[in-house]
Structure formats: structure tokens, C-alpha cells
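Here are a few exercises to work through with the model open beside you. Try each task before you read the solution.

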Amino acid sequence: MLIDMHLHERTHSPDSMISLEEIVTVAKARGLDAVCITDHDSMGLTQYAAEYAKQVDFPIFVGVEFYSLQGDVTAWGIDSFPDHRVDAQDFIDHVNHHGGFCVSCHPFRNNNRGLEDDLKRVHGLHGVEVLNGSTSLEANRKALQYCQELGLKPIGASDAHVYEKIAKYVTWLPEQVFTQADLIAQLHACNPKPAIWNGLSYDIVDTF
Ligand SMILES: [Zn+2]
């Protein structure tokens, strides 16, 4: 299956221009199987996303993009998170305590919101966003290099805040999932691969 694992919806991400309806429309048109909403320090869309997913018969999973003291970490499988910035390690421990899955997103993006070399300090991360749609190719390549060195799972995601970027990069998983619990179980069990929209379909890649 193909899934965009990092998207911002405008209701709870003030810097996003896009609605859930627009996200699902593009995702369906491109043949994706699911999307994740990871708003900034908010899981406020959870209930509406569940209702809308049922209405349009399309899986929508709500995680969070948490702004730790060292940078952003996306996570799934938690019901709550600290209401203030904490050390990335404390947040990662929280996710693991609840059996969730967490990813260092855009670790080397030039906005001071990536973990950068703290990637090598923290323990318990599961994946690294090696293709982020709002990050330069050079910074994405550096993320891939760290991901491989650390033996973590490579994740692709658009991090879209505007319509044009929705589903630019996505993640390939071997099995279709319909629930967030199954998504997390599969992410833990499999070797995901990033994928790149080429204008007609997705190229699933090991390197880029
Ligand atoms: Zn983001």
C-alpha cells in the first residue's frame, strides 16, 4: 500500500492552507491507500477524521508532529502528549511506553526544527523521514545516510501545507491496513520504502 504519512490540515495546523477533503481527493486520485494527518502539537482532528474516513470510505490516521526541544518528531499510537516542549528522548520514551511508532521528520531541514545530530544521541526512534516534501534534496539525502547508518526505517511523506505538495512523497508498505493499530504493527514489522510521485505514478526507491 501507499500512504502519505505527514500532512497538515488547516483546522488544527494554523500554517496549513488545505482541508481534509482536498487531501483525500488528491490521495484517491493518485491511487494512495491511506493518509496520515500529523498536525503541529495537536490531535484535535481525530474525531472528525474518523467520521470523514467512514463517509468517504478511505483510511485516515491521525498522529502528531510534536515539537521537542531538539526538533520535530512525528508519532502514532498515543492518546496524549506533553503540553509543553520536552526533550526529544522523553517524548520518544512516552511513545514507546504506549507501544507507538515515532519518526524523526525532516532531520536536516534548514528551519531548525529537525533533530540533526541528536538523531545519534536519542534511543528508541523507529524511523527517519528520508524524503520530506518541504526539504531540499541535499538535506533529504543526508537524512537517508543517517537512517541507513542507524538502521532505522526510511519514511517518505509530503509534509504538505499547500495543495500542490499533497502526496509528493509517500511511503510504501507491503500490506494494506485499515486501522491505526494495524498500521503501527505493520510499521514495526516491515521494511517500508519511500516513494516519489513522478507525475503519473509512484517510483518506490531505495536511494535517490
Ligand atoms: Zn510537518
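**Exercise 1. Work out whether S42 is buried or exposed, and find what it touches.**

Step 1: Count neighbours. S42 has 20 C-beta neighbours inside 10 Å, so it counts as buried (buried means 20 or more other C-beta atoms within 10 Å of the residue's own, exposed 12 or fewer, partly exposed in between, with C-beta atoms placed from the backbone). A quick note on ground rules: this is a predicted model, where local features need pLDDT of at least 70 and side-chain atom pairs count only at pLDDT 80 or more, while totals for chains, interfaces and linings use all residues. Residues are numbered from 1 along each chain as its sequence is written.

Step 2: S42 sits in the loop between β2 (34-37) and α2 (46-56) (helices are DSSP runs of H or I with at least four residues, strands are E runs with at least two, numbered from the N terminus).

Step 3: List its partners. Leaving out residues up to four places away in sequence, S42 touches H12 and V64 (contact means C-beta atoms, placed from the backbone, within 7 Å).

Step 4: Check a distance. S42 and D57 are 15 residues apart along the chain, and their C-alpha atoms are separated by 24 Å.

**Exercise 2. Find which residues of α1 are buried and what covers them.**

Step 1: Pick them out. L20, I23, V24, V26 and A27 are the buried ones. They share one side of α1, because their arc around the axis is only 165° (the arc is that of the directions from the helix axis to the C-beta atoms).

Step 2: Look for the cover. It includes β1 (2-7), β2 and α2.

Step 3: Step off the end. Just after α1, G31 takes a positive phi of about 80°.

**Exercise 3. Name the residues that touch the most other members of the largest nonpolar core.**

Step 1: In this core of 60 residues, they are I3, I23, V35, V73 and A75 (a nonpolar core is a set of buried Ala, Val, Leu, Ile, Met, Phe, Trp, Tyr and Cys residues joined through C-beta atoms within 7 Å). Helix α1 (residues 20-29) gives the most to this core, with five residues.

Step 2: Zoom in on I3. Beyond its neighbours within four places in sequence, its contacts include V35, C36 and V170.

Conventions: Two residues are in contact if their C-beta atoms, placed from the backbone, lie within 7 Å.
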